[in-house]
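Look at the structure, then follow each step.

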Amino acid sequence: MNSIVKIEKLSHKYSASWAIRDINLEINQAGVIGLLGSNGAGKSTTMNILCGVLKQTEGKVYINGIDMSKQPQAAKKQIGFLPQQPPVYTDLTVDEYLAYCAALRLVENKKIKAAVEEAKERCGIAHFSTRLIRNLSGGYRQRVGIAQAIIHKPALVVMDEPTNGLDPNQLIEARKLIKEIAQEHTVLLSSHILSEIHLLCREVVMIESGRIVFSDTMDAFNNYVQPSSVLMKMENPPVAAELQKVAGVTRVEFLTERQARIYFSGDTDITERLVSASVQHEWRLREISLDKGLLDDVFKQLTTQSIQ
Ligand SMILES: Nc1ncnc2c1ncn2[C@@H]1O[C@H](COP(=O)(O)OP(=O)(O)OP(=O)(O)O)[C@@H](O)[C@H]1O
């Protein structure tokens, strides 16, 4: 069976410098795959090549076994794309716009109406059929953007930073919708926010300075990221110097009067030693948990480690 996406030794050069170098990637299942990288890492370049919007300098892209450079039209039929800004025409109604997109995506004329209805239904915008897109909120415009990306039932849906700029309520709704879409399609989405990828993705591909620095499941990522601090809440906390006396503690930072982040080196039995010390000195421990580290710190740590 063909992979849904196969990228081989993909490199791209804009005039003088390489934006991406030797990217290899294979995706075989539905679900959300996150492309994670800081600004300028090469996410958009990779996505644009994958969607056939940009021609690579070197390497190969296959969508469902179809070579993008040899059969671009057939390959593009298998892809839906939501760029960073939803590509909507604000002077059209939702129905007019989606019918137009379906025609562009070569959906047969007699099937367009049904395709529009189904995409609207799946994206929760059926009640806005006759509304001008300009009169929709940002969150609903985003849904229209997602509807156009799935209207031709592609195997792969590519979304470039799809949750950027949404307010907290819109964010929750957008994540829910993306997860629903991913039950039937493979969704590749980019983000520079690690916590976003954490919430949404089954697999994560990290890209930094144009190269892949990590590619595995989210579970593998979580195991890879070893905890280096403990969060502790106490009713009767001691001064930092007392906490620092516990074997293995390297640094103590009070986040509030009663909550401390305790950095340690070595084994994770540190929690047992802290609990014992708390009982012994009557710090009245209320909560203790291993902290996976501040996500952004972990992100920086991982990318610099891998580049070296
Ligand atoms: N059209 C272009 N011409 C020249 N250089 C470019 C062009 N587009 C991108 N670049 C450069 O290529 C590198 C990768 O950019 P790209 O936009 O792919 O990164 P990104 O990870 O998507 O970043 P962002 O999150 O900011 O969109 C960057 O150094 C960028 O400056």
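Q: In this predicted model, which residues of helix H3 (residues 94-104) are buried?
A: Val94, Tyr97, Leu98, Cys101 and Ala102 are buried in H3. To count as buried, a residue needs 20 or more other C-beta atoms within 10 Å of its own.

Q: What do the buried residues of H3 pack against?
A: They pack against two helices, H4 (112-123) and H5 (138-150).

Q: What makes H3 roughly parallel to H5?
A: Start with the general idea. Two packed helices are described by the angle between their axes and the distance between the axes. For H3 and H5 the angle is about 30°, and the axes are 9 Å apart. Angles under 35 degrees count as roughly parallel. So H3 is roughly parallel to H5. The crossing of H3 past H5 is right-handed.

Q: Which residues meet where H3 packs on H5?
A: From H3 come Val94, Tyr97, Leu98 and Cys101. From H5 come Val144, Ala147 and Gln148. By class, this contact has six nonpolar residues, one polar residue and no charged residues.

Q: Why are H5 and helix H6 (residues 168-181) called roughly parallel?
A: Their axes cross at roughly 15° and come within 10 Å. The cut-off for roughly parallel is an angle under 35 degrees. H5 and H6 are therefore roughly parallel to each other. H5 also passes H6 in a right-handed crossing.

Q: Which residues of H5 and H6 meet?
A: H5 brings Gly138, Gly139, Gln142, Arg143, Ile146 and Ile150. H6 brings Gln170, Glu173, Ala174, Leu177 and Ile181. By class, the contact of H5 with H6 has five nonpolar, four polar and two charged residues.

Q: Where does Asn64 lie?
A: Asn64 is in the loop between strand S4 (58-63) and strand S5 (66-67).

Q: Why is Asn64 called partly exposed?
A: Count its neighbours. Asn64 has 19 other C-beta atoms within 10 Å. Buried needs 20 or more, and exposed means 12 or fewer. The count for Asn64 falls in between, so Asn64 is partly exposed.

Q: Which residues does Asn64 touch, not counting those up to four places away in sequence?
A: Asn64 touches Asn2, Ile4, Gln78 and Ala155.

Terms used: Residues are numbered from 1 along each chain as its sequence is written. This is a predicted model: local features need pLDDT of at least 70, side-chain atom pairs count only at pLDDT 80 or more; totals for chains, interfaces and linings use all residues. Helices (H or I, at least four residues) and strands (E, at least two) are DSSP runs, numbered from the N terminus. Two residues are in contact if their C-beta atoms, placed from the backbone, lie within 7 Å. Axes are lines fitted to C-alpha atoms, for helices over the stretch in contact, and angles run from 0 to 180 degrees between N-to-C directions. Angles under 35 degrees count as roughly parallel, over 145 as roughly antiparallel, 65 to 115 as roughly perpendicular and the rest as oblique. A crossing is left-handed if the near helix is turned anticlockwise from the far one by less than a right angle, and right-handed if clockwise. Ala, Val, Leu, Ile, Met, Phe, Trp, Tyr, Cys and Pro count as nonpolar, Asp, Glu, Lys and Arg as charged, and the others, Gly among them, as polar.
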